[in-house]
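Here are my notes on the model you sent over, in the order I'd go through them on screen.

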Amino acid sequence: MPGTTLPPFPTDVRTHPLLIIDFELIKAGDPVEIERLWDAATTLGFWYLKHHGADEEVNAMFDMGAETMALPLEEKLKFEQGDEGQSCGYKKAGACATDTSGQLDAVEFITVSKDDALAFPRVAHRTYPAPTTASMLTAVVPFVRKALDVSDTVLRVFNERLGLPEGTLDRLHDPEEYSGSEARVVRTPPQPGKATANRAALGAHTDFGSVTFLHNRLGGLQVLPPGHTEWSYVKPIPGHAVCNIGDALSFFSAGILRSNLHRVVPPPGAQADYERFSVVFLGRPGDSKVLRALVEDSSIIAEAAKNKPEKNFETGSTAAEWMARRIKNSRINNRKGPETYAAGRGTEHSLTAV
Ligand SMILES: O=C(O)CCC(=O)C(=O)O
Ligand SMILES: [Fe+2]
């Protein structure tokens, strides 16, 4: 909402502090900052990222999202992602379950595949609503390129710290291969009444892929830190991205990198009266890559897998299959019962977390 002053994030709600990582120092190879990034990625799996240099691209994405969401629902529905497990396109509010009981989500998405962005004007997977397409070269492509730079840089740090042969994680994220990586704008409309304040607008989930690069102006994002039974807000800090690890990196690293549960609830306090937009890049491995611990490539990962015999790091699933399964089973049209929701879950999920 250009020109709108948003109320500040309230001081009387529980927040979870995240480490603030300086992207410029990471790029420069600063050993202290790399250690801090490693610490964040292996404990909660969430951190703030400052000096990411993507402010302009992120603002352009917020504008693209607002223009696209302002279209009549009927027009947006022409681009709906469907029930077959595809993620790119438009998702209406209420298309997905947020819990085993089949409670409906309250967020709408416009999601652009990185393959469509980088191939533009050629169509790799699908077409998008007119305001999204019109912003492809001015917003989506520049944002995707910045996000890929963040993701590649962070992956190189993890590659080294995991003791993997040089280029291993790079090859698993080869930009030439089609992948589920995508840029998304999420809109949460103000929810009627206080009763919904604690109800998930976007249900508890772990991200499917590798590195997520998220931008928030209003509160609403919450994490469930390991060992906690209560959700805590992640307070938005202007100019700071929130980054987190997804399931694919958790599998590749035998759980050394943490894919943590998170969700979105309506913004807290006076912020609740405003519509909430977030801009996110979800980085994912190449479609054909199998999600499993890289035990043959690193003694550090082999040791981690050995120390967690109760965990199965052999999914037998490619990155594309993992993502399609999770999306398909979250779609309310595919719901047969509580088991459908359960079949769509990822790492670290307990079905009591909603
Ligand atoms: O909107 C947010 O703050 C988080 C969105 C998110 O978790 C996702 O799109 O996976
Ligand atoms: Fe997420």
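Predicted model: local features only at pLDDT ≥ 70, side-chain atom pairs only at ≥ 80, totals over all residues.

1. Start with A254, which is buried, since 24 other C-beta atoms lie within 10 Å and 20 or more is the mark for that label. A254 sits in the loop between α9 (247–252) and β11. Its phi is near 50°, a positive value in a residue other than glycine.

2. H51 is found in the loop between β2 and α3 (55–69). It counts as partly exposed because it has 15 C-beta neighbours inside 10 Å. For background, most residues other than glycine have a negative phi, and most peptide bonds are trans.

3. Which two residues does the cis peptide bond join? They are F120 and P121, with omega at about 10°. P121 has its place in the loop between α5 (114–119) and α6 (130–134).

4. Now the eight-stranded sheet. It is open, with mixed pairing, and the strand order reads β1-β2-β10-β7-β12-β5-β4-β3. β1 (20–22) and β3 (89–91) are at the edges with a single partner strand each, so one side of each has no neighbour in the sheet. From one strand to the next, the twist averages 25°. Inside the sheet, β5 and β12 run antiparallel and are joined by seven bridges; T188 stands opposite R276 of β12.

5. Two helices lie across strands of that sheet. Helix α2 (residues 31–43) covers β1, β2 (46–50) and β10 (241–245), and runs at about 140° to β1. Helix α7 (residues 136–161) lies across β2, β4 (108–113), β5, β7 and β12, at about 130° to β7.

6. What about the core? The largest nonpolar one has 88 residues, and those touching the most other members are W47, V140, F143, V144, A183 and F213. Helix α7 gives this core its largest share, 11 residues. Beyond its neighbours within four places in sequence, F213 is in contact with A147, V150, S151, A241, C243, V280 and F281.

7. Strand β8 (residues 221–223) runs antiparallel to β11 and is joined to it by three bridges. V223 has H262 as its bridge partner in β11.

8. On to ligand 1, around which we find R184, V186, L202, D207, L214, N216, L221, H262, V264, S278 and V280. Elements giving two or more residues to this shell are β5 (182–188), β7 (211–216), β11 (262–264) and β12 (276–282). By type, the shell residues split into six nonpolar, three polar and two charged.

9. Last, is G29 buried or exposed? Exposed, because it has 10 C-beta neighbours inside 10 Å. G29 lies in the loop between α1 (23–27) and α2. G29 and T153 are 124 residues apart in sequence, while their C-alpha atoms are 9.9 Å apart in space.

Note on methods
Residues numbered from 1 in each chain as written. Chains lettered and ligands numbered in written order. Near = placed C-beta within 6 Å. Helix = DSSP H or I, 4+ residues; strand = E, 2+ residues; numbered from the N terminus. Nonpolar A, V, L, I, M, F, W, Y, C, P; charged D, E, K, R; others polar. Pairing = 2+ DSSP bridges. Axes fitted to C-alpha atoms, helices over the stretch in contact; angles between N-to-C directions. Contact = placed C-beta atoms within 7 Å. Core = buried A, V, L, I, M, F, W, Y, C linked by C-beta atoms within 7 Å. Buried ≥ 20, exposed ≤ 12 C-beta atoms within 10 Å, placed from the backbone.
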